[in-house]
Amino acid sequence: MRPIPVLLDCDPGIDDALAIAYLVAEQRAGRIDLAGLVCTAGNVGIDDTVRNALSWLDLAGCPPVPVAAGAAGALVVPHVFTPETHGPRGAGHADLTTTTRSLDPRDGARLWVDAARAHPGELVAVVTGPSSTLAHALELEPALPRLLRRLVVMGGTFRGHPGNTTPVSEWNVDVDPEAADRVCLAWEAARADDPTVAPARWCGLNLTERAVWTPERSRRLVEAAQGSTLSRHLADALRFYFEFHESVGEGYLAQVHDPLVAWLALHPEAALTEPVHLRIECAGEHTRGMTVEDGRGHRGRPANAELVVDLSVPGGAVAVLEEVTVSIADLR
Ligand code: BDR
Ligand code: CA
């Protein structure tokens, strides 16, 4: 089987780092071809997301892949950073070495478009940060939804599950709701023109908060990886994430949304989905950043999204994290 071309748009970020390491492991195993990594300002500023992405790729021993800097902030509002969640530089307690890897000269939005055009109908795109760069890419190439095989987004919260940023909003969407809404509109337009375009897959907190990483899992990762530098740095980063989650009352553990979503992007059959028409609330005083799903076809709008509502995997998200752990440990 030919490796699947994959593009990751991320904002590393501690759980993004797990997603990066997992995808490098899949690349090493010959199952995917990492067509590029786009860094978007999110958890930390653009310079730190770029630095972190390059360093994590180094530590994972990734062969050269294009890495490009995307949007340095949200489309229309000042960007909000989250050093309390991911550490002052986005890698928790991990002290990332300076990388020798060089940055692709292209803008992240251009890399999105180039990668999609290079693999028409084949590219699997995964977004684990704000949608800001993707929104720019859609301006450059409005046909992007048709060029992709699949878009999988970590964003939003559905089915009444509480937000992690406001009562109704998830962080990746909350930080740039206008960008996320442009993604919804682009998929709506593309599917109105051509119903064979795959709806964008959205994985919200109602699903991803099940991906709980524990100190015991970190210990086993380091042990299985025989103390590899990558595993030790990931464990250091995750220690900060445990402290953050404990500080907000979740316990000494970490919800690692992004590796679950990266795994799901490569295992579409493991997702139980429901088609909906999705828009993002950009105006509400109390509801800005809310993901508003319409599964009843109000106003006659076609489904532009599929919500991942459950996993069909025995053992659920914990079993997925087990697989991710084993893959990353193999990178030693
Ligand atoms: C999302 O926000 C970020 O802090 C995480 O990396 C994840 O992508 C969860 O709301
Ligand atoms: Ca992220």
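Q: How far does a polar side-chain atom of His86 lie from an oxygen atom of ligand 1?
A: This is a predicted model, in which local features need pLDDT of at least 70, side-chain atom pairs count only at pLDDT 80 or more, and totals for chains, interfaces and linings use all residues. Residues are numbered from 1 along each chain as its sequence is written, chains are lettered from A and ligands numbered from 1 in the order in which they are written, and side-chain values use heavy atoms, without hydrogens and water. For a polar contact (a pair of N or O atoms within 3.5 Å), the distance from His86 to the ligand oxygen is 2.8 Å.

Q: What percentage of the area that ligand 1 exposes when taken alone does the protein bury?
A: An oxygen atom of ligand 1 is 2.9 Å from an N or O atom in the side chain of Asn164, and a polar side-chain atom of Asn43 also lies 2.9 Å from an oxygen atom of the ligand. Taken alone, ligand 1 exposes 280 Å² (Shrake-Rupley method, 1.4 Å probe), and the share of this area buried by the protein is 96%.

Q: Which residue in S4 is the bridge partner of Leu7?
A: Strand S1 (residues 4-10) and strand S4 (residues 123-127) run parallel and are joined by 4 bridges. Within S4, the partner of Leu7 is Ala125.

Q: Near what value is omega for the peptide bond from Pro12 to Gly13?
A: Most residues other than glycine have a negative phi, and most peptide bonds are trans. Arg159, a residue other than glycine, has a positive phi near 60 degrees. Gly13 lies in the loop between S1 and helix H1 (a DSSP run of H or I, at least four residues). The bond from Pro12 to Gly13 is cis, with omega near -5 degrees.

Methods
Pairing = 2+ DSSP bridges. Helix = DSSP H or I, 4+ residues; strand = E, 2+ residues; numbered from the N terminus. Polar contact = N/O pair within 3.5 Å; in protein donor to acceptor, adjacent residues only side chain to side chain.
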